[in-house]
Amino acid sequence: MYEFTYTTHAARVVFGAGSMNLVQQEVEALGARRAIVLCTPQQREQAEAVAALLGPQSAGVFDGAQMHVPIENARRAREFAKEAGADCAVAIGGGSTIGLGKAIALESSLPIIAIPTTYAGSEMTPIFGITEDGLKRTGRDAKVLPKTVLYDPELSAGLPAQLSFVSGLNAIAHAAEGLYAKDGNPVMALMAEEGIRSLAKGLRDINKRHRNMEARSDALYGAWLCGMVLGNVGMALHHKLCHTLGGTFNLPHAETHAIVLPHALAYNSTAAEDAMLRIARALDTTNAAQGLYDLSRELGVPASLAEIGLREEDLDRACEVAMSNPYWNPRAIEAAPLRELLQRAWAGHPPRE
Ligand code: NAD
């Protein structure tokens with residue numbers, strides 16, 4: 001029997017190869033006149049291309065975006081926007097650059113246009129994160145949600161294959177946990193299942209031909225759906241574990257998601273049977289956790305937390321931190337099976353239910 005609450009966030013999405021070329025008219029559609037362009041130093045060239053498309057409406061490129069949005073960078077970017085007289089910001093890049101745009105919007109309410117070039121999904125969420133004195137503060141605020149998102153699969157064609165795979169698996173994690181979210185609803189479940197299906201197909205095809213535009217389009221479409229799920233419903237054990245491992249041991253964000261997800265799903269499998277059926281169906285397999293583990297092996301992404309720098313002696317501490325202030329989860333969080341989960345993820349073993 002259905003019983004749910006459905007809330008959605010207003011954002012305009014333009015999807016298609018070449019949609020970056022519409023940036024100037026999208027700035028105008030927001031009623032803005034001068035846009036700063038945000039990027040990482042590595043993506044300066046793409047940002048310059050956006051600035052050229054903006055022509056006289058460009059207020060300059062700020063290339064100081066960094067992982068985890070250090071507060072100093074956010075302050076510098078806000079200052080840059082103010083001095084340039086900007087009334088809009090265009091963020092071209094992954095979650096780190098879009099996160100910088102959100103940090104600017106949080107203080108100034110400047111409207112953000114996001115042009116995502118990874119599959120992380122931040123552009124569809126009102127969630128922000130800012131790091132100050134080594135601590136990442138996260139929160140939700142409707143004003144940080146980008147007003148317009150231009151999804152252009154041509155831009156992700158240059159994302160190296162391994163980064164594409166871990167980024168795509170990171171997106172699948174949002175949808176997978178959205179399927180058993182406490183505040184889930186049937187619309188998000190449809191999006192989650194289709195998002196996983198489209199991403200899994202896209203990633204497999206990218207593995208055959210990295211610049212295949214059809215494959216890039218499938219992956220980006222899946223990333224949009226998975227990002228919608230992340231922005232609309234709560235996450236559970238898997239996201240708590242990844243935040244713990246990333247925050248406490250400074251492990252890389254997307255790789256950590258890719259490694260932990262099959263194990264978190266195995267942990268929850270008996271408590272979320274409908275979600276597991278949908279994930280397995282989307283992956284065209286019979287077991288959700290094993291199916292994701294197999295997909296990761298096929299794509300050649302790291303299998304173990306050991307490979308990305310976690311020491312075995314840190315596992316007890318990881319378990320303790322994950323047990324503190326746990327997120328809601330369909331299965332109770334118990335120390336012994338959680339420690340076992342971490343051990344298997346650390347060693348790269350297949351998931352065990
Ligand atoms: P990222 O933004 O940190 O990018 C990683 C690197 O890849 C950067 O150097 C970037 O410049 C480069 N890159 C990005 N796209 C490229 C392309 N097409 N071609 C070549 N290089 C490219 O990575 P990410 O995984 O997208 O984002 C991770 C961050 O986003 C984390 O800090 C995470 O917490 C955050 N995040 C936030 C949300 C949210 O809702 N707030 C959601 C997902 C992720």
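Predicted model: local features only at pLDDT ≥ 70, side-chain atom pairs only at ≥ 80, totals over all residues.
Figure 1. Look next at Ser96, where a polar side-chain atom is 2.6 Å from a ligand oxygen atom. At Gly95, a polar backbone atom lies 2.8 Å from an oxygen atom of the ligand.

**Figure 2. The shell around the ligand.** There are 23 residues around the ligand, and Thr40, Ser96, Thr117, Thr118 and Thr125 come nearest; a residue counts as near if one of its heavy atoms lies within 4 Å. The shell is made up of seven nonpolar, 14 polar and two charged residues (Ala, Val, Leu, Ile, Met, Phe, Trp, Tyr, Cys and Pro count as nonpolar, Asp, Glu, Lys and Arg as charged, and the others, Gly among them, as polar). Helix 4 (95-108) and helix 5 (153-156) each give at least two residues to this shell, and helix 4 gives the most, with three. Helices are DSSP runs (H or I) of at least four residues, numbered from the N terminus. Because domain 1 (12-156) and domain 2 (161-347) both contribute residues to the shell, the ligand lies between them; the domain bounds come from an automatic or database domain assignment.

Figure 3. Searching the whole structure turns up two cavities of 30 Å³ or more. A cavity is a set of points on a 1 Å grid over the protein atoms alone where a 1.4 Å probe fits but cannot get out, and its lining residues have an atom within 4 Å of a point. Grid points are joined across faces, edges and corners, and the volume is the space filled by probe spheres set on them. The largest cavity has a volume of about 40 Å³. Its lining includes Ala258, His263, Tyr293 and Arg297. Helix 10 (253-268) and helix 12 (288-299) each supply at least two lining residues, with the largest share, four residues, coming from helix 10.

**Figure 4. The second largest cavity.** About 30 Å³ of space is found here. His9, Ala11, Met124, Leu145, Met228 and Asn232 form the lining, which divides into four nonpolar, two polar and no charged residues.

**Notes.** Residues are numbered from 1 along each chain as its sequence is written, and side-chain values use heavy atoms, leaving out hydrogens and water. Local features need pLDDT of at least 70 and side-chain atom pairs count only at pLDDT 80 or more, while totals for chains, interfaces and linings use all residues.

Conventions. 1 Å grid on protein atoms, 1.4 Å probe; cavity = no way out; pocket = protein on both sides within 12 Å on 5 of 7 lines; lining within 4 Å. Polar contact = N/O pair within 3.5 Å; in protein donor to acceptor, adjacent residues only side chain to side chain.
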